[in-house]
Amino acid sequence: HHRHPPMKRPSMLQAYSEGVLAAVQAASQQGMRYREAGMSAASFATGIMLVFLTAFVLGRWPEHFWLFSTLKCAALLVAVWPARRRNGTALYWLDFCWVATFAKGLIGFFVGAAAWLLAPAPAAWVFALFDRREVMWALFGLAGGPLGWQVLLQNNALVLHDAQVAASTFIHLSPPFTAWALRWHPAAHRAAYPGMFIKGLPNIPQQGHSAGLLGRVVGGMMKVQNTLAGGAKADLPLSLWQFYAPPAVAYMLWWIPYTAWLLWKGRFIGRTLTADKRDTIYHLSMRQHPKLAKSLCGFSPEAPAA
């Protein structure tokens with residue numbers, strides 16, 4: 001009888017076992033990297049809860065969303081700070097979006113603390129300090145401008161198991177959501193917080209929000225100048241100066257000292273420039289868009305600090 005050659009079963013099993021072992025090791029290493037970056041099942045569950053709470057508070061209690069947003073952003077900043085320190089990205093917080101989040105949080109903290117803890121007289125002084133049309137114009141301009149745009153420009157996504165990415169997305173989305181709540185629910189804000197939101201918010205009927213989606217969009221496009229004017233001048237259209245000056249001034253308050261720091265010290269701090277591998281948004285942007293950086297700024301990877 002013709003004898004068939006023996007099948008190489010042991011070698012096949014051995015190759016299969018080695019492949020499974022390599023896959024398990026790769027998954028374990030990737031999981032370790034995720035944990036070092038602050039990712040975990042707990043962070044994923046927290047992200048799901050924050051998505052639900054954000055949508056619920058914004059829809060059910062829009063007049064309290066500014067306070068909820070203040071507390072949420074503060075908790076996110078505390079949660080991601082250790083990971084930022086470990087991976088050398090703490091200086092990313094000098095970027096405008098993070099500084100604006102700190103400023104918004106401080107204003108929300110002072111106003112909220114005044115509303116709940118202070119007597120009427122000192123609370124009224126705190127309210128008057130921030131309850132200004134210029135402050136509201138700046139919020140609307142920045143929320144619908146550089147802060148809102150960054151969600152698209154930086155491809156922010158709700159990667160819920162990554163606390164740092166989720167925090168970045170939340171801090172960029174919170175200002176537009178806050179501006180929306182203030183814009184469409186001024187009466188509810190004034191009723192919930194007597195003495196606040198008097199001058200800064202527009203004088204529009206509360207029932208304006210009950211219109212259909214198309215009606216709100218068309219009405220908002222037609223009345224955007226009137227509704228942002230606020231206070232006693234709500235029926236007057238905004239000039240271009242009023243529309244652009246407050247957010248531009250707020251932006252320059254950050255841009256001037258940040259640019260001075262960048263020229264003095266920040267341009268010498270980057271992944272390839274320091275032993276501790278600290279990084280800045282400036283060098284990150286230059287690395288991610290080398291052609292654009294070279295054509296616009298003359299940036300060269302060979303001389304990144306030049």
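These legends describe close-up views of a predicted model.

View 1. Read from the N terminus, the order of elements is α-α-α-α-α-α-α-α-α-α-α-α. The chain has 306 residues, and 36% of them count as buried. Take the contacts between residues at least 6 apart in sequence: 62% of these join residues at least 24 apart.

**View 2. Helix α6 packs against helix α7.** Helix α6 covers residues 133-153 and helix α7 covers residues 163-184. Their axes lie 8 Å apart, at an angle of about 140°. Angles over 145 degrees would count as roughly antiparallel, so α6 is oblique to α7. The crossing of α6 past α7 is left-handed.

**View 3. Side by side, the residues where α6 and α7 meet.** From α6 come M136, L139, F140, A143, L147, G148, Q150 and V151. From α7 come H172, L173, P175, P176, A179, L182 and R183. By class, this contact has 11 nonpolar residues, three polar and one charged.

**View 4. The largest nonpolar core holds 21 residues.** F96 and L147 have the most contacts inside this core. Helices α3 (65-87), α4 (96-117), α6, α7 and α10 (240-264) each give two or more residues to the core. In soluble globular proteins, nonpolar side chains tend to be buried together.

**View 5. L147 and its contacts beyond four places in sequence.** What does L147 touch, once residues up to four places away in sequence are not counted? The partners are F96, C97, A100, L142, H172 and P175.

**View 6. A second core is separate and has 16 residues.** Its members include L67, V111, V126 and A143.

**View 7. G270 sits in the loop between α10 and α11 (281-288).** Is G270 buried or exposed? Its relative accessible area is 1%. Buried means under 20%, so G270 is buried. Setting aside neighbours within four places in sequence, G270 contacts R278, D279 and H283. G270 and L284 are 14 residues apart in sequence. In space, C-alpha to C-alpha, G270 and L284 are 8.0 Å apart.

Conventions
Residues numbered from 1 in each chain as written. Predicted model: local features only at pLDDT ≥ 70, side-chain atom pairs only at ≥ 80, totals over all residues. Heavy atoms only, no water. Axes fitted to C-alpha atoms, helices over the stretch in contact; angles between N-to-C directions. Helix = DSSP H or I, 4+ residues; strand = E, 2+ residues; numbered from the N terminus. Parallel < 35°, antiparallel > 145°, perpendicular 65-115°, else oblique. Left-handed = near helix turned anticlockwise from the far one by under 90°. Contact = heavy atoms within 4.5 Å. Nonpolar A, V, L, I, M, F, W, Y, C, P; charged D, E, K, R; others polar. Core = buried A, V, L, I, M, F, W, Y, C linked by side-chain atoms within 4.5 Å. Buried < 20%, exposed > 50% of the residue type's maximum accessible area, 1.4 Å probe, protein only.
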